[in-house]
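Hi everyone, thanks for coming.

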Amino acid sequence: MTAFGPYAGTEVVDFREATDAGLFGIYGATGSGKSSIFNAMTFALFGVGAKPEQSIATMRSGHADADRLTEVSLLFELGDKRYFVRRQPDQSRPKMRGEGETTSTHKAWLFDATAIPVDDVTTDNCGVVLAETKVGEVLKLVRELLGYGVEQFRQIVLLPQGRFERFLIADSNQRVEILRELFDVSIYRNIAAKMKIDAAAAKRDFDDGHRLIAQRLTDAGFASTDDLAAGIIAAAETAQARHDEATAAEGAARSAEQAYLAAETVEGRFKAAEQAARRKLDLVDERQEIEGIQGVLTRAEKAQRAVDLASRLTELDAARVTAVKSEKDARTVAETADRQHVICEEAATIARSNAEQLDGLSAQMAEVKRRKDLLTGAADLKEQWSARQSDLDGAEKAFDRLEGERVRLDALHARLSDEVESARKATLKQSELKAQLVNATAEHAAAKAYDAADRKVVAARNGVEKAKKARDAATSEVEPLRKGATAAERAFIDAQAQVLASMHLTDGAPCPVCGSAEHPSPAHGEGDPRALETEMRAARERLDGAVRTADLAEAAVRTAEATLEERVAEFAALTEPRSSVADGASAVARLQGGLGVLGEIAAPAELEQQAAQAKALLSTAVAEAEKAREILQKARTEEAVAARSYDDAIAGVPGALRAEGALEREGTAIASSIKALREALAGAEEALRNAATARDITAAKVLGAIDAVAQVEIEVEKGRLAFEARLAEVGLDETAYELGCVEVPQIAAHAERIRAYRNDVAIAEAQATAAAEAIRDVERPDLAALDVARDGARVECLRTRKAAADADAARKVLDDLLSSLRDQLERLVKLEEETGPLRGLADAFAGDNLMRTPLETFAIGAMFDHVLDAANLRLDPMTGGRYRFERDLQAIGGRTKRGLDIRVHDIQTGRPREISTLSGGETFIAALSLALGLSDIVEMSHGRIRLDTIFIDEGFGSLDTENDSGTLDLVLQVLQEIVGRNRAVGLISHVPLVQQAVPNGFSIVKGMGGSRVERRAA
């Protein structure tokens, strides 16, 4: 507490030793600040004071310096978790700049401090942030962790001065509100609400059904179902009359249709004769076009006779082009073979020069063999050293194992000792919590999988972009390196040629490269050929590396894209969870915390036996660990001696070659170098021979290609002469031939067109003759008049049919309405029978019963019976067996009760008494008993709520002592029994006898500059 209430500075109240003592007190003069500690605890948790009427604006200390902020922090434990909460109320403080004051708003923080030792927790070392700054968020999390709110805190944990008796004298409504928060009876409230809704829905269905029936009859124009039945009979008679009229109209329509069809047949003959005449005229107009097609057909047939020779000439031209290209290719290959022969000669020269290194490498091989002999001679010492190392490793493992066993047994003994007391606490919610945990775990896993899949998709997209950038960067480096490698190779060849020219060219003597005795243009180059060769090889290596990198980068892009597709498919296959990962983790953590609080339920005697066994095993483990420590020290000494002996024996071998296989690798490398040099020399000689052979073969191929070109030229000329002769034979020049070739694909189509025309002329002649014969001596009918008569008959037929159909539909509508109404009436009768019990039960659950008690209040009353039983266990010894609580389910004093009124049964009078008739001391005892009983039942019935410590503020002054043997002693004796079993109790009092009876705790010392807190010891 800092600048809080009467405390001007910072006061730290450490309850650990006090709660370990079980029963402790907080003492001090009136107004010293005892109750302010309660205020501070309540404010830290819930942001309000211990009394509802106290404003947080009044909590700041009037003794504090203006620049010291009021703040309260509370470190508390729930099961195996530890939490740290801080709060600062609304307060005024000096401005940071300038003069005057500014207002700091209410702030709050909540931390998980489980991982931090208690003594290390400070405002700067608070643990993991659960919520900060936002007051509402902190309050919500605190309520979820504790399982209750401030009102319940004031009733079962913190019994403040002048207020903890209110639960005793509260009416039923007030008790229901308090107990509703403490005991989860929402299932009964939900059941009653659900049944009320269902009953109301059933009644609405019944009433709506009858209203709907009446409305449908009214809409149809009937007063009842009997009127509806009479209307159906009248509608049937009307429908029959309409059907008779429709039958007569259908006969007249058929006669009119037959007359029209006969006239239509005759009219068709006249139209056929007119059409045949028009067809003959059309064919006469087409005759000129057909004659033109005949001329085109003749020219195309002549051109077709020369097509084969034209195709042969085209093939010969293509063969000539191919032969010329083959000659050019053969010359190119021959030039390449000449250049390769020169390169192989140079490579053979270099290989012969490198072979001179073989003697030096043989000497190095001999030195390797000598060093191997040294290591072989020291093998025994190495084995001894290895054995000592194994002994040392075994000794260290044995010591670690025994020391770990000692630590484990020590922790086991301590843990079992702590569990002896906590094992007595049972749980009623274990199965429920486990079921909830299974669901919460599944939802959390689904949320994590969904979130992980989303992150994988994002990561995969980023991977694709990164891979593409790397690919583009790698690809951009290839071309510059390729140009550099080409330039380095050209420089090396020029320099090598310049060396040969300067060393071996002599006037009149043959050139060592081309063999010519004339040297008009000797090669020129710059630089050292060996250095340029090294640069050329390095450039080639850089180019090869860049190409490999680009290929790998392209493969990486494809892999990344495939991974992205997989991630997207995996994400699409998931269903979006109903809660987030954080919410799911919070739910799982909360349920696991509840199960962790429950622990494993075992008998205390069994745990005490296990603790004794653990203590015996611990003594044995301590002795064995000490013995192992001695063995370990001896093993370390022997290992150091063996290591020194081995190092002296192999001093002649360099340190880098002492490792296992180092000399073998050295020898292998030297042997590989010798082999490589020899193989390089043989390979160069072989390559030179092969290059000479290839040069001779390609030269022969060039001569063959030249002969092939000459032969194909002769064949082309023969083909051209044959084609020209064929054109003269068929009577076409080249222009006419080309036009005829275009029409060759249409020869069949033109011939078919001419044949079809001749056929159409014959058919038209025949049709015209037949049509003229069919209408000879026949009068042409008046189709328009007959069509009008037919349409009139059709209209009348349709009208009568529609009238009959409408009459049938009207009758069917009435039939369907009557059937539907009868079904609806039957359903309503069945609904009345089925929902009657439901509505009766819903009314009873809502409070319409003999006791006028709703179901939820009845369930709360059942829990309240347990509270009274537990309270009587406290009240009986405190009052010497005189009083017991009992429920009053009837009306007392003319007041209407809801089932949660209580009274006390006086054993001395044998009659019940109202709470209001008790004396001040008796009222205090009754209220204290009821509060303690309520705390017991809340903790037993609610797995999340732990009440390891409760506080009682004042009230002891109303108890008589009767020479130190009165009611006060009985109350303190009962409280002492409570703390001996399952919890600690803190008393706030100024009564001297209480201080004498309970010396443990704290004293509040009041001074001019404010109060301070001091520890008290027994």
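I'll go through a sheet, a hairpin, some salt bridges and a few single residues.

First, some ground rules. This is a predicted model, where local features need pLDDT of at least 70 and side-chain atom pairs count only at pLDDT 80 or more, while totals for chains, interfaces and linings use all residues. Residues are numbered from 1 along each chain as its sequence is written, and side-chain values use heavy atoms, with hydrogens and water left out.

Okay, the sheet. When I say helix or strand, I mean DSSP runs numbered from the N terminus: helices are H or I with at least four residues, strands are E with at least two. Two strands pair if DSSP finds at least two bridges between them. So in what order do the four strands of the open sheet come? The order is 4-5-8-9, and the pairing is antiparallel. Strand 4 (72-78) and strand 9 (128-132) sit at the edges with a single partner strand each, so one side of each has no neighbour in the sheet. On average, neighbouring strands here are turned by 20° against each other, direction ignored. For angles, axes are lines fitted to C-alpha atoms, for helices over the stretch in contact, and the angles run from 0 to 180 degrees between N-to-C directions.

Zoom in on strand 8 (residues 107-112): four bridges join it to strand 9. Contact, by the way, means heavy atoms within 4.5 Å.

Now the hairpin. Strand 6 (residues 91-94) and strand 7 (residues 101-104) run antiparallel, joined by four bridges. Ser92 has Thr103 in strand 7 as its bridge partner. There are six residues between the strands, and Gly98 in this hairpin takes a positive phi near 80°.

On to salt bridges: a side-chain nitrogen of Lys or Arg within 4 Å of a carboxyl oxygen of Asp or Glu. How many do we get by this rule? The count comes to 38. Take Glu686 and Arg689, whose closest N and O atoms are 2.4 Å apart. Both lie in helix 17, three residues apart, about one turn of the helix.

Then look at Arg882 and Asp906, which meet at 3.0 Å, N to O. This pair links distant parts of the chain: Arg882 is in the loop between helix 21 (855-878) and strand 11 (883-888), and Asp906 is in strand 12 (residues 901-906), 24 residues apart. Are these two buried or exposed? We call a residue buried under 20% relative accessible area, exposed over 50%, and partly exposed in between, with a 1.4 Å probe and protein chains only. Asp906 is buried at 1%, whereas Arg882 is partly exposed at 23%.

Last, two single residues. Ser36 lies in helix 2 (residues 34-46) and is buried, at 14%. Leaving out residues up to four places away in sequence, Ser36 touches Met1, Phe4, Pro6 and Tyr7. Lys718, in helix 17 (residues 662-730), is exposed at 53%. The C-alpha atoms of Lys718 and Leu313 are separated by 8.8 Å, although these residues are 405 residues apart along the chain.
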